[in-house]
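I opened the model to look up a helix crossing, a sheet and a chain contact. My notes follow.

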Amino acid sequence: MEVALFIPCYIDQFYPNVAKATLELLEKLGCKVSYPMDQTCCGQPMANSGFERDTEGTTRQFIETFKSYDFIVAPSGSCVLHIKEHQPEIDDLEPFQKEVQSKIYELSEFLTDILKVGTVKGSFPHKIGFHSSCHGQRGLRLSSSSELNEAPFSKAKDLFAGIKDLELVELSRKDECCGFGGTFAVSEEALSIQMGKDRLADHLEHNVEIICGGDTSCLMHLQGIAEKSHKPVKFMHLAEILNQAIS
Amino acid sequence: MSHPSQAANFLKDEKRAHWHDETLWFVREKRDISSKGIPEWEELRKLASGIKDHVLTKLDYYLEELEKKATENGIKVHWAQNAEEHNKIVLSILEEKKCKAIVKSKSILTEECHLNPFLEKHGVEVVDTDLGERIVQFLNQPPSHIVLPAIHLKKGDISEIFHEKLNTEKGNEDPTYLTNAARIHLRDKFMKAKVAITGVNFAIPETGEFVVCTNEGNADMGVHLADVHIACMGIEKIIPKREHLGVFLRLLARSATGQSITNYNSHFRSPAPGKEIHLILVDNGRTKQLGREKFKNSLKCIRCGACMNTCPIYRRSGGYSYGSTVPGPIGSILSPGIDVKKYSTLPFASTLCGSCSDVCPVKINIHEQLYEWRQEITKAQGWSAKGMSMKLANGIFKSPLAYKVSGKILRATLKTLPNSIIYNPLNVWGKGRTVPEVPKESFKEWYQKNRS
């Protein structure tokens, strides 16, 4: 299966290992992966700050870069949700834009729904806390939402289920926001930090070694707080754990 | 005052903020248990949402029907275009009855209209009879939550207030003791009031009746003892038929407190012999909101407060941080419609986590409307430094080369800057967080070297 990799800007600049893990993982699972060199950013930081109308150029660039691929996969629920729901409409690219929006997938979603891998086989002897990022969870419905009366499910947890010795803890508050929220992290700094501290405490009370998630932005925020207070916990993206477990 | 500074103030007392968060989370958990106890929960939400959508498309028709049927039942119906008109109507009824002291059960609409200060200015004593609301009234505060008005106060605080106002024993924090003191105090007020004011939870054009839901029975006590009942409602409170209560009452109680049913759901259809019922229908910006395509369905709200209890921001910043009559997520999409400038920070007091939309019993897409209000607010604000930086960012992201160069500069700068500059007070990110370690190359650079 041929796949184009979309690596969000902050992952490209600050977390290249997450991008490499995503690339390697997809290849191990039999995909032919290309990384279009002209990609930049999805436009989310501007749009969530109230400037969706100013992301036309960014959006145009995104559509032009990815329009010729069958599948687009990104290791970020948040950016994928933005492309699906909050890109401004570009009239002269309309059919392409609709296509791009329908063929872009978050990584765990792609593995589960398109590649249909079921679970990943491998070993990863660690105790893990999984942070469900809100945009992936309630936006893309990658896992059940604790507010809804629905059967519990989680695409990430299904992928982990076949990995030997991986212990996934059950958190007290299953899906509370970590407080990152893009520019919220800066504009509502006090709240953002308090939310992050509380989220972190839930994981630490359950003695996790590694906090894992599908969105590096949430992890970056939580890691920043953990490091500032010298908390002994590691952070890994879902792609890194799956890629490491498989080999 | 902006939300961020109010929130920061609230969080200064970390222990108390933590207690506030836990208290409201407890209510959210009760709501979860109760909503998951009925298999048809999601079906009920869908029905409620559909009924309210329908009402909003025919609101004019239903309001006139309500007026017709209610009038036939002997209710006197009044129309108020805004808060001022509403308050004047109430005052004129009181003057006609020569009434100088009234009791009022919880009505967020009268808070919205600032009825209490208005009546007090005209020499009328207003006593809120909902226990929580009486407590905040003693402090001259508005409710901090629409269902749990004094949720920001602890037992100890209430003990102190009651000691001062009701002469209870100093230091006695026993809830039963304190509640009983309030009961005795309120009984006296109930007995003396000739006019009682209530809000309205649901108004039914089919029958011309309205329904008031309380847990304390205070609305009923007030109304039955008084000669005149004034009920104040926002024009969106309509449900077409009485049978629709079977949907809404089940959703309301479970969403608000986790109860399967509110203790008192009282139907008012016609006045008892010799008594009067007045129903005031208030617009106060609602038709304007109805005209805003993206925001009109905020009028579906049944004021259950579930979005406040679930909101990670509200729980950690308290109701007063919003500075609006209705706080929390729903308040943040209603208030900018009233005054876009005054409430400009509210739609940004969210991470857009979406919990509010999933918890909402009438399926209002609250977090999507928060996003949409952000777009409107930045437009209304005109030029800003933030706006300029966003335009600049778009300039970078639309060009692969500009992106590559600026990324390189950013990483190089972060790598060479000493910690004293990175963790400078001006760098808000760095106040409570470390910045990510800077890699020697971006993924793009690595890919170019190794894969292409």
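I first checked the handedness of one helix pair: helix 16 of chain B and helix 18 of chain B cross left-handed (the near helix is turned anticlockwise from the far one by less than a right angle; clockwise would be right-handed). Helices here are DSSP runs of H or I with at least four residues, strands are runs of E with at least two, and both are numbered from the N terminus. The axes of helix 16 (residues 328-338) and helix 18 (residues 366-381) of chain B come within 9 Å and cross at roughly 35° (axes are lines fitted to C-alpha atoms, for helices over the stretch in contact, with angles from 0 to 180 degrees between N-to-C directions). I listed the contact residues, among them Ile333(B) of helix 16 and Trp373(B) of helix 18 of chain B (contact means C-beta atoms, placed from the backbone, within 7 Å).

The model is predicted: local features need pLDDT of at least 70 and side-chain atom pairs pLDDT 80 or more, while totals for chains, interfaces and linings use all residues. Residues are numbered from 1 along each chain as its sequence is written, and chains are lettered from A and ligands numbered from 1 in the order in which they are written.

Next I traced a sheet in chain A: it is open, with four strands in the order 2-1-3-4 and parallel pairing (a pair needs at least two DSSP bridges). Strand 2 (32-34) and strand 4 (104-106) of chain A are its edges. Inside it, two bridges join strand 1 (residues 2-5) to strand 3 (residues 72-74) of chain A, and Ala4(A) has Ile72(A) as bridge partner.

Last, I looked up the chain contact, which takes 57 residues from chain A and 58 residues from chain B.

Definitions and conventions: Contact = placed C-beta atoms within 7 Å.
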